[in-house]
Amino acid sequence: LANRLGQTPHNVVVAQVLYRLGLAEQLRGRNGGRVGAFSFDRASAMAEQLEAAGNEPLDFACTIMVLGKTGVGKSATINSIFDEIKFGTDAFQTGTNKVQDVVGTVHGIKVRVIDTPGLLPSWSDQCQNEKILHSVKRFIKKTPPDIVLYLDRLDMQTRDFGDMPLLRTITDIFGPSIWFNAIVVLTHAASAPPDGPNGTASSYDMFVTQRSHVVQQAIRQAAGDMRLMNPVSLVENHSACRTNRAGQRVLPNGQVWKPHLLLLSFASKILAEANTLLKLQDTPPGKPFATRTRAPPLPILLSSLLQSRPQVKLPEEQYGDEDGLDDDLDESSDSEDEPEYDELPPFKRLSKAQIAKLSKAQKNAYFDELEYREKLFMKKQLKEEKKRRKMMKKMAAAAKDLPSEYGENAEEESSGASSVPVPMPDLVLPASFDSDNPTHRYRSLDSSNPWLVRPVLDTHGWDHDVGYEGINVERLFVAKEKFPISFSGQITKDKRDANVQMELASSLKHGECKATSVGFDMQTVGKDLAYTLRSETRFSNLKKNKATAGISVTLLGDALSAGMKFEDKLIANKQFQVVMTGGAMTGRGDLAYGGSLEAQLRDKDYPLGRSLSTLGLSIMDWHGDLAIGCNIQSQVPVGRSTNLIARANLNNKGAGQVSLRINSSEQLQLALIAVLPLLKKLLEYSHQVQYGQ
């Protein structure tokens with residue numbers, strides 16, 4: 001093929017094809033065949049010898065389908081390939097109104113080209129594009145094409161992805177696999193490059209590279225696969241295009257475009273046939289393109305499985321804590337020698353003017369006493385809250401034994417008391433240098449409506465101009481008065497994509513120490529939706545130990561993955577607890593397994609104390625690639641109004657991060673920090689004035 005197209009065996013495309021075929025032969029030899037070592041020189045000499053024997057027609061044919069927008073030169077390119085007018089062209093009206101094909105011979109090679117009507121890029125024209133593409137799909141059902149040429153103009157300067165609606169429509173109808181054997185063809189390739197940003201003329205190669213990158217990037221986003229790298233070929237069909245002595249049209253970079261385009265098309269078909277022989281890609285019968293989905297991201301699915309999820313509880317059980325052990329631990333850990341807040345002698349708070357008159361030792365003694373009293377007061381509030389929780393638990397248990405009439409009256413009273421909407425606490429916005437504090441954008445009400453609707457605040461990608469980019473909906477149902485069902489959904493939309501997350505969970509108790517949870521999750525993973533069905537069983541083998549075992553099944557595209565996990569939580573005392581988790585996930589014959597350990601050391605007066613330290617270890621093994629990570633976080637109080645937070649993480653790849661953060665309510669001292677960059681700027685300005693700059 002290369003010899004008939006006037007190309008040498010040392011052409012870049014030819015060399016790549018022969019090299020990949022040699023690798024395919026070696027792979028086939030591993031599967032049981034007998035194949036010797038690949039030799040590029042021997043393969044080239046054999047091809048030249050066979051071609052020199054005679055110029056008879058080759059047992060090779062190629063079917064090419066041409067897609068593109070209206071007016072990019074599809075019909076003109078087909079006429080140039082056959083060196084004769086196969087389709088009429090007109091600069092002022094559409095040349096092709098229906099799907100049609102033409103068969104001819106080019107250099108002794110049988111070529112069949114399918115011409116399609118022109119497509120339009122705007123959103124409003126996608127319905128018309130769908131009709132055209134469905135007719136194309138019916139036309140190629142019996143004889144699918146080997147290669148797809150996607151045509152666009154080289155001289156169309158755009159970087160706003162205006163063709164994305166058209167590319168997504170093509171992907172939705174034919175599937176992402178249409179782009180796997182597609183070649184990008186840029187017509188009007190003899191156009192002069194535009195001027196650069198500073199007014200100087202840019203080079204032709206840079207012009208082609210930039211335009212090719214824009215089209216390739218748009219195709220990657222439409223296909224949802226950033227690994228795609230479609231080859232690019234340049235075409236010029238104008239009669240005034242420069243030609244060589246053989247009459248072939250030559251581009252400004254000296255390339256003869258027609259042999260190059262045909263060579264790319266033939267090479268793509270040969271490699272696709274080699275993959276089919278090696279059974280690397282199975283094409284379902286009756287489908288023009290194989291729907292090749294990516295392997296499921298097992299590490300991501302495993303990380304989601306290993307996460308601890310709270311148990312769904314009935315409304316009357318919401319007053320308890322998650323572990324059911326904190327009350328006992330708190331009561332046993334309270335110091336009997338410590339007095340109650342009500343037993344303290346009277347204390348008078350001083351004004352700022354009175355504090356200023358005190359000596360340094362008196363100030364320290366005053367603030368120590370004030371801090372001690374505030375701590376006892378908060379302890380008193382916590383105890384009262386725990387007593388209220390226990391009382392609500394007893395009342396809820398007693399209400400079950402009452403007749404239905406009393407229960408209905410109690411429901412009416414409770415509903416009437418909460419009929420007035422109450423503003424929910426404001427969300428904490430991330431740190432910013434903005435002068436305003438737009439918390440009003442994220443406010444919501446807690447009303448008697450069982451549906452709780454709140455805005456979504458993404459602290460990592462906070463958009464200061466637009467505000468929130470999604471909503472969160474939650475509701476708790478009760479089935480047959482003993483099955484709690486929790487529904488939560490979240491929809492977020494940014495400037496590019498939309499993400500959907502939905503969770504439906506329920507639980508059933510088997511007694512005081514056992515409970516089984518069942519859940520169904522749906523979330524966006526890349527361009528696909530992942531559906532997960534999971535189940536967990538929790539049991540308490542010891543009073544201070546909680547164990548969990550769970551399984552999950554995930555469907556992502558046409559890939560089914562299954563996994564299991566084990567979790568054990570040990571609460572040594574009020575200050576120290578350890579959580580250990582391990583699991584594995586498998587899918588399509590692949591396996592990933594991992595685990596994590598998290599130890600937490602809290603202050604003895606937690607949550608009143610400010611000291612908190614956490615140590616986390618994680619391990620993940622996938623495809624023999626072992627990933628080990630360690631992270632440490634510690635919060636230490638420095639003075640009465642300042643906290644020092646230190647974080648450090650490190651993995652076995654040698655990457656890590658250390659960060660220090662100080663939080664303080666001493667606003668005057670913090671404001672003085674802004675003087676440093678101001679002084680630095682003034683010094684630089686004085687030096688500039690001194691040297692006359």
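Residues are numbered from 1 along each chain as its sequence is written, and side-chain values use heavy atoms, with hydrogens and water left out. Because the model is predicted, local features need pLDDT of at least 70 and side-chain atom pairs count only at pLDDT 80 or more, while totals for chains, interfaces and linings use all residues.

Begin by selecting residues 74-82, helix α3, where a helix is a DSSP run of H or I with at least four residues, and strands are E runs of at least two, both numbered from the N terminus. Eight of the nine residues here are buried, so the helix is largely enclosed by the rest of the structure; buried means under 20% relative accessible area, exposed over 50%, and partly exposed in between, with a 1.4 Å probe and protein chains only. Among the buried residues are K74, N79 and F82. Step on to D83, which follows α3 and has a positive phi, near 60 degrees.

Next select residues 164-174, helix α5, in which nine of the 11 residues are buried, including M164, P165, I170 and F174. After α5 comes G175, with a positive phi near 95 degrees.

Finish with C62, buried at 1% relative accessibility, and C241, also buried, with a relative accessible area of 10%. Counting as a disulfide any pair of cysteine sulfur atoms within 2.5 Å, the total is zero.
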